[in-house]
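Hi there,

Here is the structure I promised to pass on to you. Have a look at it first, and then read on for my notes.

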Amino acid sequence: MEQGTLHCSHGAQQDLQYSRAGDVCRCHSQPSAAGGLPVSAAYEYGEPWYRDLLSYLEGNLDYLDRALREQAPQVRLVRPQATYIPLLDMGALGMDSAALKDFMANQVGAALNAGDTFGPGGEQFMRINVATQRENLEQFVSRLRLALE
């Protein structure tokens with residue numbers, strides 16, 4: 001495992017700890033001795049867990065995409081390129097941002113992130129976290145379908 005210390009300036013001098021040539025970065029005033037063992041173990045033994053996690057997240061994305069097409073075709077999944085929080089394109093519902101937030105919270109009963117909080121152009125989108133149990137996504141799709149009927 002490649003590790004090192006960089007010095008960075010954020011008004012005060014801090015050490016920037018990095019592992020694997022900068023893949024994981026965290027600013028610390030001092031490195032934590034207690035954190036070394038878990039980080040080492042994660043890099044040495046964590047690959048199978050990480051691959052299982054990626055597979056599970058991909059399965060949830062596949063499920064959500066398929067379930068929306070079958071049960072709520074007015075809502076389209078926009079697959080993310082590098083995260084587990086995809087966008088839901090809800091433009092076909094014809095609601096403005098305020099109505100969409102109200103619909104999602106009060107009729108669907110889901111706490112999603114409104115797309116307009118991420119800037120102009122996001123008004124017809126909501127973000128959903130798929131890093132959850134499949135049952136939660138199933139309940140979401142079922143409640144969305146009922147709310148759209």
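Is R79 buried, partly exposed or exposed, and what is its relative accessibility? Before I answer, please keep in mind that this is a predicted model.

R79 counts as partly exposed because its relative accessibility is 34%. Its side chain forms a salt bridge with D62, with the closest N and O atoms 2.4 Å apart. R79 sits in the loop between β4 and β5 while D62 belongs to helix α2, so this pair ties together parts that are 17 residues apart in sequence. D62 is partly exposed too, at 33%.

R51 meets E47 at 3.0 Å, N to O, and the two are 4 residues apart, about one turn of the helix. R51 is exposed at 54%, whereas E47 is partly exposed at 32%. D65 and R69 also form a salt bridge, at 3.6 Å. Here D65 is buried, at 18%, but R69 is exposed, at 54%.

Helix α2 (residues 47-71) also holds W49, which is exposed at 59%. W49, Y50, L53 and L54 make up a nonpolar surface patch with about 410 Å² of accessible area together.

Finally, the strands: an open, antiparallel sheet of 4 runs in the order β4-β5-β7-β6. Its edges are β4 (76-78) and β6 (113-114). Strands β5 and β7 pair over 3 bridges, and L87 has R127 in β7 as its bridge partner.

Best wishes

Methods. Residues numbered from 1 in each chain as written. Predicted model: local features only at pLDDT ≥ 70, side-chain atom pairs only at ≥ 80, totals over all residues. Heavy atoms only, no water. Patch = residues over 30% accessible without salt bridge, like charges linked within 9 Å, V, L, I, M, F, W, Y side chains within 5 Å. Areas by Shrake-Rupley, 256 points an atom, 1.4 Å probe, with all protein chains shown as cover. Salt bridge = Lys/Arg side-chain N within 4 Å of Asp/Glu carboxyl O. Buried < 20%, exposed > 50% of the residue type's maximum accessible area, 1.4 Å probe, protein only. Pairing = 2+ DSSP bridges.
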